[in-house]
Amino acid sequence: DDDIVGLSTPEPSTSTVRDVQTGAVSADSSVTLIDVVSTTGLNRDGGGFYVQDAGGGEYSGVYIYAYEEVAAELGDLTAGQVMTLTGTVTEYYDFTEITVSSASDITITGSSSVTVDNIPSGWSGDWEEWEGCLIEVSDVTVEIEDDGYGAAELDNGLFLDDDFYDFTVTEGSSYDIKGVVSYAYDEYRINPRDAGDLD
(Lines give C-alpha, C1' and ligand atoms only; values in the text may rest on other atoms or scores of the structure.)
Protein backbone atom coordinates (compact mmCIF):
# COMPACT_ATOMS: atom_id res chain seq x y z
CA ASP A 1 0.00 0.00 0.00
CA ASP A 2 1.48 3.33 -1.06
CA ASP A 3 -0.12 4.97 1.96
CA ILE A 4 2.01 3.03 4.42
CA VAL A 5 4.64 5.35 5.87
CA GLY A 6 8.09 4.37 7.11
CA LEU A 7 8.72 1.19 5.12
CA SER A 8 10.91 2.64 2.39
CA THR A 9 14.67 2.89 2.77
CA PRO A 10 16.21 6.19 1.69
CA GLU A 11 18.54 5.99 -1.30
CA PRO A 12 22.20 6.49 -0.33
CA SER A 13 23.66 9.84 -1.30
CA THR A 14 26.47 9.91 -3.86
CA SER A 15 29.43 11.63 -2.26
CA THR A 16 33.19 11.88 -2.10
CA VAL A 17 35.42 10.77 0.74
CA ARG A 18 36.10 14.44 1.38
CA ASP A 19 32.35 15.00 1.93
CA VAL A 20 32.39 12.24 4.52
CA GLN A 21 35.53 13.40 6.31
CA THR A 22 34.52 17.06 6.48
CA GLY A 23 31.07 16.34 7.90
CA ALA A 24 29.00 17.13 4.81
CA VAL A 25 27.63 13.59 5.22
CA SER A 26 26.42 12.92 8.75
CA ALA A 27 27.11 9.82 10.82
CA ASP A 28 24.65 6.94 10.32
CA SER A 29 23.90 8.08 6.76
CA SER A 30 24.09 5.69 3.83
CA VAL A 31 26.56 6.85 1.21
CA THR A 32 27.85 5.72 -2.18
CA LEU A 33 31.44 6.48 -3.18
CA ILE A 34 32.11 6.31 -6.93
CA ASP A 35 35.53 5.55 -8.46
CA VAL A 36 37.49 5.64 -5.22
CA VAL A 37 40.89 3.91 -5.20
CA SER A 38 41.99 1.33 -2.64
CA THR A 39 45.23 2.34 -0.92
CA THR A 40 45.67 -0.95 0.98
CA GLY A 41 44.62 -4.54 0.96
CA LEU A 42 42.82 -5.95 3.99
CA ASN A 43 44.46 -5.22 7.34
CA ARG A 44 46.07 -7.93 9.49
CA ASP A 45 42.77 -8.62 11.24
CA GLY A 46 41.06 -9.03 7.87
CA GLY A 47 38.35 -6.59 8.85
CA GLY A 48 38.83 -3.67 6.54
CA PHE A 49 40.87 -1.54 4.15
CA TYR A 50 41.37 2.08 3.09
CA VAL A 51 40.26 4.00 0.00
CA GLN A 52 40.92 7.50 -1.29
CA ASP A 53 39.40 9.96 -3.70
CA ALA A 54 41.41 9.92 -6.92
CA GLY A 55 44.36 12.29 -6.60
CA GLY A 56 44.55 12.22 -2.81
CA GLY A 57 44.91 15.39 -0.73
CA GLU A 58 43.60 16.39 2.67
CA TYR A 59 40.43 14.59 3.79
CA SER A 60 40.67 12.23 0.79
CA GLY A 61 40.99 8.90 2.63
CA VAL A 62 38.73 6.76 4.78
CA TYR A 63 38.68 3.34 6.40
CA ILE A 64 36.19 0.81 5.03
CA TYR A 65 35.02 -1.63 7.68
CA ALA A 66 33.72 -4.92 6.31
CA TYR A 67 31.82 -7.57 8.20
CA GLU A 68 33.69 -10.88 8.49
CA GLU A 69 31.77 -12.64 5.72
CA VAL A 70 32.21 -9.64 3.42
CA ALA A 71 35.95 -9.43 4.09
CA ALA A 72 36.29 -13.14 3.30
CA GLU A 73 35.03 -12.45 -0.23
CA LEU A 74 37.54 -9.60 -0.64
CA GLY A 75 40.61 -11.63 0.28
CA ASP A 76 42.58 -10.73 -2.85
CA LEU A 77 41.98 -6.99 -2.51
CA THR A 78 45.08 -4.94 -3.35
CA ALA A 79 46.07 -1.28 -3.49
CA GLY A 80 45.21 0.46 -6.74
CA GLN A 81 41.79 -1.04 -7.41
CA VAL A 82 39.12 1.43 -8.52
CA MET A 83 35.73 0.72 -7.01
CA THR A 84 32.26 1.97 -6.29
CA LEU A 85 30.94 1.10 -2.85
CA THR A 86 27.93 1.75 -0.67
CA GLY A 87 27.99 1.75 3.11
CA THR A 88 27.02 3.53 6.30
CA VAL A 89 29.09 6.35 7.77
CA THR A 90 30.04 5.56 11.36
CA GLU A 91 32.17 7.20 14.04
CA TYR A 92 34.06 4.57 16.00
CA TYR A 93 35.57 6.34 19.02
CA ASP A 94 36.07 9.47 16.86
CA PHE A 95 37.55 7.50 13.95
CA THR A 96 35.47 7.88 10.79
CA GLU A 97 34.60 4.65 8.99
CA ILE A 98 32.24 3.46 6.29
CA THR A 99 30.70 0.10 7.15
CA VAL A 100 29.95 -2.21 4.23
CA SER A 101 27.49 -4.99 5.07
CA SER A 102 27.47 -6.99 1.83
CA ALA A 103 30.06 -7.95 -0.79
CA SER A 104 27.54 -6.87 -3.43
CA ASP A 105 27.93 -3.31 -2.13
CA ILE A 106 31.47 -3.20 -3.57
CA THR A 107 32.05 -3.24 -7.32
CA ILE A 108 35.61 -3.17 -8.63
CA THR A 109 35.67 -1.31 -11.94
CA GLY A 110 39.35 -0.98 -12.83
CA SER A 111 42.80 -0.07 -11.58
CA SER A 112 44.72 3.14 -10.99
CA SER A 113 47.88 4.56 -9.51
CA VAL A 114 47.73 5.34 -5.80
CA THR A 115 48.55 8.86 -4.62
CA VAL A 116 50.90 9.21 -1.66
CA ASP A 117 50.77 12.69 -0.10
CA ASN A 118 54.14 13.88 1.17
CA ILE A 119 53.98 15.74 4.48
CA PRO A 120 56.91 18.17 4.78
CA SER A 121 59.41 17.66 7.58
CA GLY A 122 58.51 19.83 10.53
CA TRP A 123 54.85 20.13 9.52
CA SER A 124 52.84 21.13 12.59
CA GLY A 125 49.24 21.08 11.39
CA ASP A 126 46.32 18.98 12.62
CA TRP A 127 46.65 15.29 11.73
CA GLU A 128 42.85 15.13 11.60
CA GLU A 129 42.89 16.35 8.00
CA TRP A 130 45.05 13.35 7.03
CA GLU A 131 42.96 10.73 8.88
CA GLY A 132 42.37 7.79 6.51
CA CYS A 133 44.88 9.12 3.96
CA LEU A 134 48.01 7.47 2.57
CA ILE A 135 50.90 9.78 3.42
CA GLU A 136 54.69 9.83 3.58
CA VAL A 137 56.67 11.45 6.38
CA SER A 138 60.43 11.86 6.02
CA ASP A 139 63.28 11.82 8.52
CA VAL A 140 61.13 11.12 11.58
CA THR A 141 62.81 9.81 14.71
CA VAL A 142 61.57 7.04 17.00
CA GLU A 143 61.31 8.49 20.51
CA ILE A 144 59.85 5.40 22.19
CA GLU A 145 60.45 2.05 20.51
CA ASP A 146 57.42 0.28 22.01
CA ASP A 147 54.59 1.88 23.96
CA GLY A 148 53.66 -1.51 25.41
CA TYR A 149 50.91 -2.10 22.84
CA GLY A 150 52.97 -2.67 19.70
CA ALA A 151 53.22 0.97 18.61
CA ALA A 152 56.24 3.27 18.51
CA GLU A 153 56.11 6.97 19.34
CA LEU A 154 57.54 9.31 16.70
CA ASP A 155 58.87 12.84 17.09
CA ASN A 156 56.26 14.33 14.72
CA GLY A 157 53.26 13.60 16.96
CA LEU A 158 52.27 10.33 15.27
CA PHE A 159 52.54 6.79 16.55
CA LEU A 160 53.88 4.09 14.23
CA ASP A 161 51.38 1.22 14.36
CA ASP A 162 51.02 -2.30 13.00
CA ASP A 163 47.53 -2.61 11.53
CA PHE A 164 49.08 -4.01 8.33
CA TYR A 165 52.73 -4.79 8.96
CA ASP A 166 54.58 -6.15 12.00
CA PHE A 167 57.52 -3.74 11.93
CA THR A 168 60.75 -3.48 13.91
CA VAL A 169 62.31 -0.08 14.62
CA THR A 170 65.10 1.20 16.85
CA GLU A 171 64.72 3.97 19.39
CA GLY A 172 66.70 7.05 18.36
CA SER A 173 66.84 6.05 14.68
CA SER A 174 65.22 8.05 11.89
CA TYR A 175 63.03 6.72 9.09
CA ASP A 176 61.07 7.68 6.01
CA ILE A 177 57.62 6.15 6.44
CA LYS A 178 54.66 5.70 4.13
CA GLY A 179 51.37 4.55 5.60
CA VAL A 180 47.68 5.18 6.18
CA VAL A 181 46.67 7.36 9.09
CA SER A 182 44.36 5.89 11.71
CA TYR A 183 43.10 7.20 15.06
CA ALA A 184 42.89 5.13 18.23
CA TYR A 185 43.31 5.68 21.98
CA ASP A 186 43.34 9.47 21.47
CA GLU A 187 46.36 9.34 19.14
CA TYR A 188 46.88 9.58 15.39
CA ARG A 189 48.85 6.66 13.97
CA ILE A 190 50.66 5.89 10.73
CA ASN A 191 50.43 2.30 9.51
CA PRO A 192 52.96 1.08 6.92
CA ARG A 193 51.47 -1.52 4.58
CA ASP A 194 54.61 -3.63 4.16
CA ALA A 195 58.40 -3.51 4.53
CA GLY A 196 58.68 -1.25 1.49
CA ASP A 197 56.85 1.52 3.36
CA LEU A 198 59.47 1.70 6.12
CA ASP A 199 62.91 2.98 5.09
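Colleague: Which residues touch the most other members of the largest nonpolar core?

Modeller: In soluble globular proteins, nonpolar side chains tend to be buried together. A nonpolar core here is a set of buried Ala, Val, Leu, Ile, Met, Phe, Trp, Tyr and Cys residues joined through side-chain atoms within 4.5 Å. Buried means under 20% relative accessible area, exposed over 50%, and partly exposed in between (1.4 Å probe, protein chains only). In this predicted model, the largest such core has 27 residues, and I135, L160 and I177 touch the most other members. Two or more residues each come from β9 (134-144), β10 (152-154), β12 (174-184) and β13 (187-191). A separate second core of 22 residues includes V17, V62, A71 and I98.

Colleague: How are strands and their pairing defined, and how does β13 pair with β12?

Modeller: Strands (E, at least two residues) and helices (H or I, at least four) are DSSP runs numbered from the N terminus. Two strands pair if DSSP finds at least two bridges between them. β13 pairs with β12 in the antiparallel sense over five bridges, and V180 stands opposite N191 in β13. With strand β11 (residues 159-160), β13 pairs in the parallel sense over two bridges; there F159 is opposite R189. Four of the five residues of β13 are buried, so this strand is largely enclosed by the rest of the structure.

Colleague: How many salt bridges does the structure hold?

Modeller: A salt bridge is a side-chain nitrogen of Lys or Arg within 4 Å of a carboxyl oxygen of Asp or Glu. The structure holds four. In one of them, R189 meets D161, with the closest N and O atoms 3.0 Å apart. R189 lies in strand β13 and D161 in the loop between β11 and β12, so the pair ties together parts 28 residues apart in sequence. R189 is buried at 7% relative accessibility, and D161 is buried at 10%.

Colleague: Which side chain of opposite charge is nearest to E97?

Modeller: Lys and Arg count as positive, Asp and Glu as negative; His and the chain ends are not counted. The nearest to E97 is R189, 12 Å away, and E97 is buried without a salt bridge. E97 sits in strand β6 (residues 95-100).

Colleague: What should I know about numbering and confidence?

Modeller: Residues are numbered from 1 along each chain as its sequence is written. Local features need pLDDT of at least 70 and side-chain atom pairs count only at pLDDT 80 or more, while totals for chains, interfaces and linings use all residues, and side-chain values use heavy atoms, with hydrogens and water left out. pLDDT is the predictor's confidence in each residue, from 0 to 100; the protein averages 93, and 94% of the residues score at least 70.
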